[in-house]
Amino acid sequence: MEYISTRGQSPAVDFSGAVLNGLAPDGGLYLPARMPVFSQADLEGMRDLPYSYLALRIMQPLVGDTLTLHELKWLIAAAYECFDTDAVTPLVPLGDENHMVLELFHGPTLAFKDVALQFLGRLFDVFLKKSERRATVIGATSGDTGPAAIAGCAGCENLSIFVLFPKVGPSEVQRRQMTTVNANNVHALAIDGSFDDCQAIVKNLFADKALNAKHNFTAVNSINWARIMAQVVYYFYGALRAGAPERAVSFVVPTGNFGSMFAAYAAGQMGLPIAKLAAATNSNDAVNRFFTSGKIVPQAPVSTLSPSMDIQLPSNLERLLFDLCGRDHAKLCALVETIKTPQGLAITPQQLGMARQYFTSASLDDEETLVAIADVYKRHDYVVDPHTAVGVAVGKKLAAELPVPIIHLATAHPAKFPETIRRALGREPPSSPHLEGLDQKAERAITLPPDTKAVADYIESRA
């Protein structure tokens, strides 16, 4: 399997190259040169597979010959043995047979990011051992990627990991899941700025060729294709258990950086019958504005009750833009350059029409989020976290556009957001053994300004 950069100025690589590079040298994102496609007969044969066997079937053509079947099988089994259910991402009803929730929060940090990052951390270690190399993972998080990345990479002998997060934004639980990990290769950096500042610093660090070469930077954010690949699996799992391939399904996806949203699109490109994809955003509604107007004009992000979605420059949108440009590298490069202008990025009406064949969207503010949490609990006796609440409420708003069955992604456990649950319901959220004693652990973190040099100097002193 060959991987190419969206910007076309870097040589093609195999799967291991795409994983270890993270971001392509030309600043683009890696994609398969040709997406494998499963037939209806293939899908029918996958319908009753356990999650790990389904993951093996979906990932194998994307991995190519960079891993043996035995290695891939071991990686998948090791990634999901720490989940608290054999189903990994169970599908549960929400009221009736046409409305369901895909629970993605059964991993060690209680967030959907675990599905990919428990796999990715081990994958890094395998590739680095094979090549007798070390690497430095750098990543930005608005809340959930950081804890999951640290949990996946802590203790890996060939990796150091530096995670940047906005000092104000993540919930206390999310912050503590990053700052209380006692592993010598883990560094949690609180940045006195926004997630977009953190993400910009990470991209600048990758662009510094000398620093990159010295520390062998790689990424765990959803810019890394392996993250997307692992997330593709849960769309197949949910859809096949909801009636695919005989009937197409709709997904409602809470989104900020467009990673899980692109994974859903990729699943459709691989043959999964998806009727519609609904992007659910909070007040940081860049994705919603894009699918409504075809434009992204940079705005300052605002803090919300759903901090993992507090993003105004969704990196993974570039992968979709590449397809909307007909996979023309020059057109894509010209388009992404416009995001730096005051007018922002704008696609053509024809491209917007193409996008809206697959996607619809809506947004929710904080007050509506609290109402949504209460409404779901009242109607279904089911407690959702604020991100999932945004998704369920957006699904309700867009019901007329979404063919049934509709699967809502539950992206985090409500125990990660106790203050918000108390505000919405006047009660404590359901507990999780994964969080026991977290509030008693000592925190280890350093605060830095939103400055690339300050972060680079810190990495130099610790990597």
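Let me begin with a term: a residue is called buried when its relative accessible area is under 20%, exposed when that area is over 50%, and partly exposed in between, computed with a 1.4 Å probe on protein chains only. What we have here is a predicted model, in which local features need pLDDT of at least 70 and side-chain atom pairs count only at pLDDT 80 or more, while totals for chains, interfaces and linings use all residues. Residues are numbered from 1 along each chain as its sequence is written, and side-chain values use heavy atoms, with hydrogens and water left out.

My topic is salt bridges, by which I mean a side-chain nitrogen of Lys or Arg within 4 Å of a carboxyl oxygen of Asp or Glu. By this rule the model holds 17 salt bridges.

One of them joins Arg57 and Asp42, with 3.6 Å from N to O. This pair links distant parts of the chain, since Arg57 lies in helix H3 (residues 51-63) and Asp42 in helix H2 (residues 40-46), 15 residues apart; helices here are DSSP runs of H or I with at least four residues, numbered from the N terminus. Asp42 is partly exposed at 26%, and Arg57 is partly exposed at 34%.

Where do Asp457 and Lys453 sit? Both belong to helix H19 (residues 452-462), four residues apart, which means that about one helical turn separates them.

Finally, a network of salt bridges links Glu172, Arg175, Arg176 and Glu443.

Key: Helix = DSSP H or I, 4+ residues; strand = E, 2+ residues; numbered from the N terminus.
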